Amino acid sequence: MTTNKNLAAAYDFCLKLAKSHYENFPVASVLLPKRLRKPIAVIYAFARTADDYADEGQLTEAERITKLQNYRSHLTEISDGSYTGDDPIFIALDDVITHFQLPIYLFDDLLSAFMQDVVKNRYQTMEEVLHYCQRSANPVGRLLLHLNGEPTQQQLVESDAICTSLQLINFYQDILQDKQENNRIYIPQHMLTEAGLNEDDITLANSRKLAPLLRHLFQQTMDLMNEGLELGNGIKGRLGWEIRAMTLGGLETLNKLSAQDDENILSRPRLTRRTQLKILLFSLSKTHLKRS
């Protein structure tokens with residue numbers, strides 16, 4: 001049986017883990033409503049540790065899959081109301097899912113994406129990439145909306161557009177890193193072939209050959225982002241502010257990628273503190289995010 005003391009310790013564990021990685025997730029953001037910081041930290045702890053099993057350490061492929069399958073088993077136990085383990089992440093997650101009535105399938109979608117990371121490192125078509133984003137990125141936005149209340153279908157659609165766009169932007173700014181560190185390429189293989197390119201062209205010091213394809217992908221992502229721009233404007237309070245800030249941050253990163261010259265288009269753009277502050281101030285207003 002989970003005691004109040006164990007539950008409090010479980011939440012503290014998740015908060016500490018989340019804050020230690022705050023640069024990758026808005027857990028520590030001052031913009032977030034205070035009431036959502038703990039549950040978001042719990043969701044982050046679940047996703048962060050599962051992602052680490054997929055990507056990091058010296059585990060074999062089989063060991064990684066086994067650990068992720070154990071996570072899936074714990075989710076099933078939470079869904080059945082039968083979780084009795086002592087993992088602080090799942091103690092807290094059980095409480096969050098029950099209290100906020102969060103859809104279990106969104107957590108399972110995340111796990112399916114992490115499992116895919118273990119066994120798949122090439123994507124033949126853009127449809128494959130987008131299907132991956134649907135499970136690796138979109139659940140996070142949907143869970144955030146569910147924490148805040150009952151989202152409308154339009155909000156869910158807009159959230160998916162924003163989250164998929166942010167995932168794609170992350171891919172495009174980390175093309176070299178993904179290839180060199182994890183041997184992963186998220187540029188569809190058929191698009192490389194149609195452009196007369198191969199994987200070796202990705203690692204060339206001069207990215208001029210790759211630039212036209214990347215600029216096409218940047219524009220596609222901008223078009224998709226445009227479909228979700230109103231999301232932050234339609235949500236009241238600090239959460240709306242947070243969503244607007246994340247959206248503006250993604251747009252700024254995409255603009256910086258697009259502004260790089262062809263020879264250096266694979267460089268990873270950095271948002272300076274001044275730019276981050278500007279984004280924070282601009283996101284106070286709802287006038288900076290409008291569909292064109």
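Reader: Which helices each supply at least two residues of the lining of the largest cavity?
Author: Helix 8 and helix 9 (175-182) do. Bear in mind that this is a predicted model.

Reader: What makes a residue count as lining that cavity?
Author: A lining residue needs an atom within 4 Å of a cavity point. Phe171, Tyr172, Ile175, Asp178, Arg184, Ile185, Tyr186, Ile187 and Ile202 pass that test.

Reader: And why is it called a cavity and not a pocket?
Author: It's a cavity because a 1.4 Å probe fits inside but cannot get out, whereas a pocket is an open set of points. The structure holds 1 cavity of 30 Å³ or more, and about 70 Å³ of space lies in the largest cavity.

Reader: Let's turn to the second largest pocket. What is its volume, and what lines it?
Author: The volume is about 170 Å³. The lining consists of Ala54, Asp55, Glu61, Arg64, Asp117, Val118, Val119, Lys120, Asn121, Asn182 and Arg184. Helix 2 (34-55), helix 3 (61-80) and helix 5 (104-119) each give two or more residues, and helix 5 gives the most, with 3. By class, this lining has 3 nonpolar, 2 polar and 6 charged residues.

Reader: How do you know that helix 6 and helix 8 make a contact?
Author: Contact means heavy atoms within 4.5 Å. Met126, Val129, Leu130, Tyr132, Cys133 and Ser136 of helix 6 meet that with Thr164, Gln167, Leu168, Phe171 and Tyr172 of helix 8. The contact has 8 nonpolar, 3 polar and no charged residues.

Reader: How do the axes of helix 6 and helix 8 cross?
Author: The axes of helix 6 (residues 126-136) and helix 8 (residues 153-173) come within 9 Å and cross at roughly 115°. The crossing is right-handed.

Reader: How do you know that the radius of gyration agrees with a compact globule?
Author: For 292 residues the rule puts a compact globule near 19 Å, and the protein has 20 Å, so the value agrees. The C-alpha trace spans about 60 × 50 × 35 Å along its principal axes.

Reader: Now the chain end. Where is Leu284 found, and what is it in contact with?
Author: Leu284 is found in the segment after helix 13 (273-282). Leaving aside neighbours within four places in sequence, Leu284 is in contact with Trp241 and Arg244. Those pairs have heavy atoms within 4.5 Å, so they count as contacts.

Reader: What separates the C-alpha atoms of Leu284 and Asp52?
Author: A distance of 34 Å, with the two residues 232 apart along the chain.

Notes
Residues are numbered from 1 along each chain as its sequence is written. This is a predicted model: local features need pLDDT of at least 70, side-chain atom pairs count only at pLDDT 80 or more; totals for chains, interfaces and linings use all residues. Side-chain values use heavy atoms; hydrogens and water are left out. Axes are lines fitted to C-alpha atoms, for helices over the stretch in contact, and angles run from 0 to 180 degrees between N-to-C directions. Helices (H or I, at least four residues) and strands (E, at least two) are DSSP runs, numbered from the N terminus. A crossing is left-handed if the near helix is turned anticlockwise from the far one by less than a right angle, and right-handed if clockwise. Ala, Val, Leu, Ile, Met, Phe, Trp, Tyr, Cys and Pro count as nonpolar, Asp, Glu, Lys and Arg as charged, and the others, Gly among them, as polar. On a 1 Å grid over the protein atoms alone, a cavity is a set of points where a 1.4 Å probe fits but cannot get out, and a pocket is an open set with protein on both sides within 12 Å along at least five of seven lines; lining residues have an atom within 4 Å of a point. Grid points are joined across faces, edges and corners, and a volume is the space filled by probe spheres set on the points. The radius of gyration is taken over C-alpha atoms; the globule rule is 2.2 Å times the number of residues to the power 0.38.
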